[in-house]
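Opening the notebook on a new model today. The plan is to look up a few spots and jot down what turns up.

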Amino acid sequence: MALYGFDVGDVKDIDIIVSSETAAGLMSELSLKNQADGGSERFRSEYLLRPDFGPVEVEILGSFEIRSGPAWHQIAMGRPNAICVGNQTVFVPEVAALADIFDLCARPKDLARSRQIRSR
């Protein structure tokens, strides 16, 4: 949301959703341990990587899924938007897709974020 110019307050962590193949490659390339533990009743991923990229915690989620009712939903980026951050290009979900992900998460903080996006 911050990359789209929304005021998100203090950023506590950054979640990066990738495919299992990408997560496996990053795990090998960066010598990271897969910390996936089966997830929770609501969230799970095949890979959970926590690289030390600085003061803000980063979690890389490979094959991330969200449970809604009895079904698990695989989260994929779809058509990404390229956003320049300094001299780097970061690929993020389209803003409407981001709101859909927040709706699926369904926690109060996520629903508030979805409302913020959709009210713009």
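For contacts I use heavy atoms within 4.5 Å. Ground rules: this is a predicted model, where local features need pLDDT of at least 70 and side-chain atom pairs count only at pLDDT 80 or more, while totals for chains, interfaces and linings use all residues. Residues are numbered from 1 along each chain as its sequence is written, and side-chain values use heavy atoms, with hydrogens and water left out.

**Entry 1: E59**

I started with E59, which is in strand β3. Helices (H or I, at least four residues) and strands (E, at least two) are DSSP runs here, numbered from the N terminus. Skipping neighbours within four places in sequence, I find E59 in contact with I14, D15, I16, L48, L49 and R50. Buried or exposed? I call E59 buried because its relative accessibility is 14%; buried means under 20% relative accessible area, exposed over 50%, and partly exposed in between (1.4 Å probe, protein chains only). Its side chain makes a polar contact with the side chain of R50, at 2.9 Å. Polar contact here is a pair of N or O atoms within 3.5 Å; within protein, one must be able to donate a hydrogen and the other to accept it, and residues adjacent in sequence count only if both atoms are side-chain atoms.

**Entry 2: L61**

Next I looked at L61, also placed in β3 (residues 57-68). L61 counts as buried because its relative accessibility is 8%. Where does the chain come back to it? I17 is 44 residues away in sequence, yet the C-alpha atoms of L61 and I17 are 4.9 Å apart. Beyond neighbours within four places in sequence, L61 touches D15, I16, I17, V18, S45, Y47 and L48.

**Entry 3: cores**

The largest has eight residues: F43, L48, L61, F64, I66, I75, I101 and C105. Elements giving two or more residues to this core are β2 (43-49), β3 and α2. Which one gives the largest share? That is β3, with three residues. A second, separate core has seven residues, including A23, L32, Y47 and I60.

**Entry 4: helix α3**

In α3 (residues 108-118) I find D110, S114 and I117 buried. Their arc around the axis is only 60 degrees (from the directions from the helix axis to the C-beta atoms), so they sit on the same side of α3. P108 and R115 are exposed on the other side. What covers the buried residues of α3 includes α2 (95-105).

I zoomed in on D110, which is buried because its relative accessibility is 1%. The side chains of D110 and R107 are joined by a polar contact of 2.5 Å.

**Entry 5: cysteines and a hairpin**

Last, I checked β5 (residues 80-85) and β6 (residues 88-93), which run antiparallel and are joined by six bridges; strands pair if DSSP finds at least two bridges between them. A82 has F91 as its bridge partner in β6. The two strands form a hairpin with two residues between them, and G86 in the turn has a positive phi of about 65 degrees.

Key:
A nonpolar core is a set of buried Ala, Val, Leu, Ile, Met, Phe, Trp, Tyr and Cys residues joined through side-chain atoms within 4.5 Å.
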